Amino acid sequence: MMRRLLLALIFLLLLAAPALAQEGDPADALQKDLWCPICQGIRLDVCDQKVCEQMREMIDQELAAGNSPEQIKAQFIELYGPVVLGEPPRQGFYLTAWILPILLLVAGLAVVVWLTRRWVQKPATAPAAIATAAASPETAPDPYLARVEKELQDL
Amino acid sequence: MNNAVTSSPGAGDQPPRSRRGGVILFGALALVGIGLLAVFYYGILNPPSRRASEGLAPDFQITTYDGEAMALSDFRGTPVVLNFWASWCVPCRDEQPLLQAYWQRYQGEVVFLGLNYLDQRPNALAYLAEFGVTYPNGPDMGSRIYSAYRVQGVPETFFIDAAGQVQGVHVGPMTARDLEQRISQLLNPTF
């Protein structure tokens, strides 16, 4: 019992670790949340470009001035554009980038469900057919038996 | 044998269910297909590689670092040298003295406009002060103008004639010869 509780506690701590880390240092959390605007897929906290260096300085200055991380993020979006978020904005045509993967997932699930149902239903018909055939062998004349019968008569 | 299979009791229920599943599946796939087609046609109509290297220069409005609001169309009738730059851009520093010198030389004949890209006001002001830049400069808020002109990187300079048509683009830092030649073409289109 104690062992299970301990494992559950460790699991919860692991889950909460990123949140606790962000709570610890808002500058670090913001740097991990923002992306280099001139690179391809490089986060602000690991980028060595001059533009990113300036962005990190701005984060420190704005936090020191008492601005919240959300306010700072909004400033970056206003100044640099949504590119700093590293993801398409959730508005206008960009919404397709968010909706299409969900639609594809739904379509994929529909295909899986449909195929599974077909596979589950099909085997039920085969044994039934075999059973029907086995129950009334006379209805299905066996050509081999007919030939034996004919040869016996010829004798 | 075949007769037995087709007349089994389980097979009698199958078609309606299968048809319903097929309709749902078809609907879901059609929805995805329509979405993909929309993206496809949007991509065709808005090719990302189409740069403003010719044709009418996209109009824009800025508020300069001096607090003056202006639009590109305000300068219709005068050629414009539109330069994208950033304080963190090393090649921009190389060409900045040249731009200021040519602005002073052609003042009144050609308008010079600087658009500050992915930058912060204090850094931009320090840069302008360092090079003693006196022609209008302002921030490209949200990189909207940068996107409209499909700029590849800084520095990049667009040469716009008196009719507002883009006559050429120079990617990267310019030499005195580049700038002289481009300005001559703007002032004398048959050059």
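1. A kink of about 35° occurs at B:Q96 in α3(B), shortly before the proline B:P97; the bend at a residue is the angle between axes fitted to the seven residues ending there and the seven starting there. The model is predicted, with local features requiring pLDDT of at least 70 and side-chain atom pairs counting only at pLDDT 80 or more, whereas totals for chains, interfaces and linings use all residues. Residues are numbered from 1 along each chain as its sequence is written, and chains are lettered from A and ligands numbered from 1 in the order in which they are written.

2. Helix α3 of chain B comprises 17 residues (90-106), which at 1.5 Å a residue should span 24 Å; its end C-alpha atoms lie 25 Å apart, in agreement. The expected span is 1.5 Å times one less than the number of residues. Helices (H or I, at least four residues) and strands (E, at least two) are DSSP runs, numbered from the N terminus. Just after α3(B), B:G108 has a positive phi of about 100°.

3. Buried residues of α3(B) are B:C92, B:E95, B:Q96, B:L99, B:Y102 and B:W103. A residue is buried if 20 or more other C-beta atoms lie within 10 Å of its own, exposed if 12 or fewer, and partly exposed in between, with C-beta atoms placed from the backbone. Their cover includes β4 (80-85), β5 (111-116), α4 (121-131) and α6 (176-187) of chain B.

4. Most residues other than glycine have a negative phi, and most peptide bonds are trans. B:L118, in the loop between β5 and α4 of chain B, has a positive phi of about 45° although it is not a glycine; it counts as buried because it has 26 C-beta neighbours inside 10 Å. B:R150 has a positive phi of about 55° and is likewise not a glycine. With 16 C-beta neighbours inside 10 Å, B:R150 counts as partly exposed.

5. The loop between α5 and β7 of chain B holds B:R150. B:P155 is also found in the loop between α5 (144-148) and β7 (156-160), and a cis peptide bond with omega of about 0° joins B:V154 to B:P155.

6. Chain A has six helices and zero strands. Of its 155 residues, 12% count as buried.

7. In chain A, the axes of α2 (residues 26-33) and α3 (residues 50-64) come within 10 Å and cross at roughly 140°. A:P26, A:A27, A:L30 and A:Q31 in α2(A) meet A:R56, A:I59, A:D60 and A:L63 in α3(A); contact requires C-beta atoms, placed from the backbone, within 7 Å.

Technical notes: Two residues are in contact if their C-beta atoms, placed from the backbone, lie within 7 Å. Axes are lines fitted to C-alpha atoms, for helices over the stretch in contact, and angles run from 0 to 180 degrees between N-to-C directions.
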